[in-house]
Amino acid sequence: VQGDGAVGAVLVESSIDALVFTGSSRVGEAVEKRAFERGIPVSAEMGGNDAAIVLADADLPRTVAGLVHWSLQNAGQA
């Protein structure tokens, strides 16, 4: 689900079993705190980078090339 801090707040209060968060440190800290209070496991990416999930059946050379290309394009380096 994509959205702002209000969306994260609704999700963390719902009946979810676990949470993966990518976003700002400010919002991520609040999401992590509340998830911890509720006993919900959290994986958070708050370093200003984009997270990527690579599944077991992915074509690794193609996936890595795509991620590197995308990363360089969005960092203004290509």
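With a relative accessible area of 38%, L67 counts as partly exposed, a class that lies between buried (under 20% relative accessible area) and exposed (over 50%), as computed with a 1.4 Å probe on protein chains only. The model is a predicted one, in which local features need pLDDT of at least 70 and side-chain atom pairs count only at pLDDT 80 or more, while totals for chains, interfaces and linings use all residues. Residues are numbered from 1 along each chain as its sequence is written, and side-chain values use heavy atoms, with hydrogens and water left out.

L67 belongs to helix 3 (residues 60–74), where helices (H or I, at least four residues) and strands (E, at least two) are DSSP runs numbered from the N terminus. Once its neighbours within four places in sequence are set aside, L67 is in contact with A52 and V54, contact being taken as heavy atoms within 4.5 Å. A52 stands 15 residues from L67 in sequence, and the two are 8.1 Å apart in space, C-alpha to C-alpha.

Taken as a whole, the chain has three helices and two strands, and its pattern along the sequence reads α-β-α-β-α. Of its 78 residues, 12% count as buried. Among the contacts in the chain with a separation of 6 or more, 22% are accounted for by residues 24 or more positions apart.

V27, G28, V31 and A35 are the buried residues here. Seen down the axis of helix 2, these buried residues fall within an arc of 95 degrees, so they line one face of the helix; the arc is that of the directions from the helix axis to the C-beta atoms. The buried residues of helix 2 pack against helix 1, strand 1 and strand 2 (42–45), whereas the face turned away from the buried side carries the exposed residues R26, E29, K33 and F36.

V31, which lies in helix 2, counts as buried because its relative accessibility is 7%. Apart from neighbours within four places in sequence, V31 is in contact with V12, L19 and F21, and its C-alpha atom is separated by 9.9 Å from that of E13, 18 residues away along the chain. R38 is also found in helix 2, but at 35% relative accessibility R38 counts as partly exposed. Not counting residues up to four places away in sequence, R38 touches V12, E13 and S14; V12 is 26 residues from R38 in sequence and 8.3 Å from it in space, C-alpha to C-alpha. After helix 2 comes G39, whose phi is positive, near 75 degrees.

The largest pocket has a volume of about 320 Å³. Of the 16 residues that line this pocket, V1, G3, V20, F21 and T22 are the closest to its centre, and the elements that give two or more residues to the lining are helix 1 (5–13), strand 1 (19–22) and helix 2 (25–38). On a 1 Å grid over the protein atoms alone, a pocket is an open set of points where a 1.4 Å probe fits, with protein on both sides within 12 Å along at least five of seven lines, and lining residues have an atom within 4 Å of a point. Grid points are joined across faces, edges and corners, and the volume is the space filled by probe spheres set on the points. The lining divides into eight nonpolar residues, seven polar and one charged, where Ala, Val, Leu, Ile, Met, Phe, Trp, Tyr, Cys and Pro count as nonpolar, Asp, Glu, Lys and Arg as charged, and the others, Gly among them, as polar.
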